[in-house]
Structure formats: structure tokens, C-alpha cells
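Welcome, and thanks for taking a look. Please keep the sequence and the 3D view open side by side as you read.

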Amino acid sequence: MVQDGTTQLICLTASSGVPLFTRGAHRQLPFSVIGSLNGVHMFGGSQGAEVSSCSTEGGGRVVWRVFQDSVMLIAVGRGGPGGGREAEVCFHRLLENVWNCMVLVLGQDELARVRNVERLKKDLRSCFGLIDQLLEDRQEGILGNLTHCADSLLAPDPALLQEALDGFAQSADSEFGCLVVHGRIAPPTEKWWRLARRRLVLLSALIRSLTGSGTASCDYPVFLPRGSPNVAHRLLRFQLLPGANVCILCGPSPSLHGAQTGLVVPLWTPLMEALRDCLAVGQRCLPPSVSLRPDVLALLLINRDKRRCVSCVQASPGTSDPPAPSTARCWELLKAFYSFSVTRYFPQEDSTLGVSTEDNRDDFVPGFSHTPLQCYLVTDECKSFGLQTAQHLLLLLAPLWVPTFALHTVASQTLSHIVSAT
């Protein structure tokens, strides 16, 4: 049932168990296995037990989740990099993201009241591109699907771009707009940050998906699961430069062509140099004013108030002994350390995951009255350190040659430098 390296997603109607779609695996599960997975959940419910997850003898994991008493999502796979509790959190977040993706594209009413199964199957195809992006999760530096924080980029001249964006959104009679650079939010409008954090993550994923279509602009209807689950807004996206897009959420006006010719061209053409400077930041996500210590391999910094994050991997000298992990491996280790730290030490703020990370922390924690503020992990590849403050959560990877007792100093100085510089 579990295929190596893949997570299979199954979507069924909750009442009758009719399959709506399956995604994510090269070899689809037989109908008998899908029926058995649905039957286990239904049997548990009939006995007064809620079946939410289980592990298999081969190291696999199955997670069930029912939404609006209408749609059941089942994830089957080996889970996240850490396995066990970390895998369960990853799966629950995946199912939550997939459901919100379906609501974003189709609207909540369409999913909560299944009137015609065959029509719903056809409509759900419009979600496949976004769902596949969530399942594959292969874009380096994009961690929002896991952290439920919006992936951000700190621009070199944010005030200039912020002023332009606010003027652009106001001219389009909208309060919701953002500049997206390399798939990450650069400056957004203030109201954009007020959207629920899962909507921010999914809107960013949708914008990346639309950008990958190759079109210079598009007009796409979206439903906001909390603010407007049944009435679609329009998401207008315009490519300013390759890798830089500006987006707004608006009503019936302006038209796509009218916004392109009357707003985008006159407002953004004078700012091409500032946009190129922003693009030059690249995957690093930090402006040139921030210089990282050479003993920092990778970092993930989360602003806990605004629920946004920046992440980067710093190239290490190839002559280090022992050799440092590759860039791709650093991204994997950073994800694994995030899952490790939030399921064991740092409390979670997500109440909709279906799994309580408060109860999953290490056994010694209940013996203390305080909440852990720091943690570290030493493996045969690197050393990892987590530092939590009232406003931020910083996770970083360091080479093995860094003394363990120095990790706190490295993390504290790195956090202080980034916050003061930006």
C-alpha cells in the first residue's frame, strides 16, 4: 500500500465512500484497498471511536480527516522526514491544506452539499495542479505548506515598493494586494496580512501555480474559506518582470485589460530598477545588509505575530571536514528539524490539525512548569539549534565543527542581526 518516496491522497464522499479522486502516487491503490480504508473509519465511528491515524508494520502511516461531514481525505505514505509524531503533523497539515485548496477554488457550498457526484468529480480537476504542488513539495525554500506561515522575502528597499503597492491596490479599489518575488511575498498591503494564515499560504501557492502557467497576466476566481466561502473574489496577477508578480484581490472591477494598461504600466514601469534589486536577493530572501555568519548553514525565521517566515541556505566551503550537507539536503534537514522541534518542545498554535503537539512533547517536559525556549539536536550530518522568543522562532543548522556550547551564541547573534537590519 505504501509506495517509497510518495504520499498518496484519496478523496471520497464521507457519507457513501464514493471515490472522488486520488493523487500523488505512480500506482493507484486498488478499489478494494480504498474501500477497506473507508470501512475502517466508518466502523470506528459506528463504535463511538474516531479513527484519525495509524501506522503500518512497514513504517507507513495512514491519516483520515472528515471535513464538513461531506468529504473525507485520506493520506497514505511514509510521512515526513522524522517519522512518528512528526509524520502525523505533516499529514494533518497536508489534509488541512488540501481541503482549504478545494474550498479556495470551488467554494465551500459546492463541497459541503454534494448534489451531483459526477459533476463534483469533474469540477475537482481544476484543483489538481495546486494539490499536486502541495503533495510534491519539492520547491526548495518554500516551507509555508509545513509551517503554515507565509514564505516571505525581505526587499532591499521595502518602503518604495510598499508605497507603490498601496497606491496600486487603492487605484484598483482594493485593500488586498501583494508583490510576489521568486514565489515569496515581498511587501503586501496591511490587509493582506490580516487574511487567515492558511489562506495566505494557499494564495501564495496558487500564485506560484498560475505563474508557472507561462501567462503574463490572469484573472482567477477564488473563494476565501473564512471571509467569503461562497462568493468568489477575483485574483488578478500581472507579471512585472520574470520572477516578479503583483497581485490583488478585487470585485467585479477593474477589468484585467483595464488594470494592465491603466494601472500596471504607469505605476510600475518607473520602479523596474527597484524590482531588479529585489529579484537579485534571490533564494537567499535576505537583503545585502544582512550578512550571515560563516558557521550558519541554513536558517528558518518565523515571525510569530504576523505568521510569516523567511528561510535560506548558505553555501558552505567544499573543503570543510567533515563535509557539510548539500544545499538540497540542508532544506530537507531544516524541514525535519522544524517538525522535530514543534512536536517535542515548542507549543503549537494550530488547533485544527487533529493532533495535539502539546501532548506529544518529550516525557521530561510535564515535570517542569515552564515552556522550553531553546532546543538543540546533534546528528552525524550537522548541528541544529532552535531559539524561541515572544515574537520569533529561529531554527538554524550549523556545521559539525561548531562547538555545541556555542550554538546559543550563534543563534542569538544571528537573530539580533537580522531583526536590527530589517
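## About the model

This is a predicted model, in which local features need pLDDT of at least 70, side-chain atom pairs count only at pLDDT 80 or more, and totals for chains, interfaces and linings use all residues. Residues are numbered from 1 along each chain as its sequence is written, and side-chain values use heavy atoms, with hydrogens and water left out.

## Helix α7

Let's begin with α7, which covers residues 158-171. Helices (H or I, at least four residues) and strands (E, at least two) are DSSP runs, numbered from the N terminus. The expected span of a helix is 1.5 Å times one less than its number of residues. For the 14 residues of α7 that gives 20 Å, and its end C-alpha atoms are 20 Å apart, which agrees. Just after the helix, D173 takes a positive phi of about 60°.

Which residues of α7 are buried? They are L161, A164, L165, F168 and A169; buried means under 20% relative accessible area, exposed over 50%, and partly exposed in between (1.4 Å probe, protein chains only). Seen down the axis of α7, these buried residues fall within an arc of 130°, so they line one face of the helix. The arc is that of the directions from the helix axis to the C-beta atoms. An α-helix has 3.6 residues a turn, so residues three or four places apart point the same way. On the other side of α7, A159, E163 and Q170 are exposed. The elements covering the buried residues include β7 (176-181), β10 (228-241) and α10 (256-268), where contact means heavy atoms within 4.5 Å.

Strand β15 (residues 383-388) is mostly covered, with six of its six residues buried. K383, F385 and L387 point one way, while S384, G386 and Q388 point the other way. In a regular strand the side chains alternate between the two faces of the sheet.

Two strands pair if DSSP finds at least two bridges between them. β14 (residues 374-378) runs antiparallel to β15 and is joined to it by five bridges, with V378 partnering K383; a hairpin of four residues links the two strands. β15 also pairs with β16 (residues 392-398) in the antiparallel sense over six bridges, L387 being the bridge partner of L394. Here the hairpin goes through three residues.

## A look at E332

E332 lies in helix α12 (residues 327-344) and is partly exposed, with a relative accessible area of 42%. Its side chain makes a polar contact of 2.8 Å with that of R329. A polar contact is a pair of N or O atoms within 3.5 Å; within protein, one must be able to donate a hydrogen and the other to accept it, and residues adjacent in sequence count only if both atoms are side-chain atoms.
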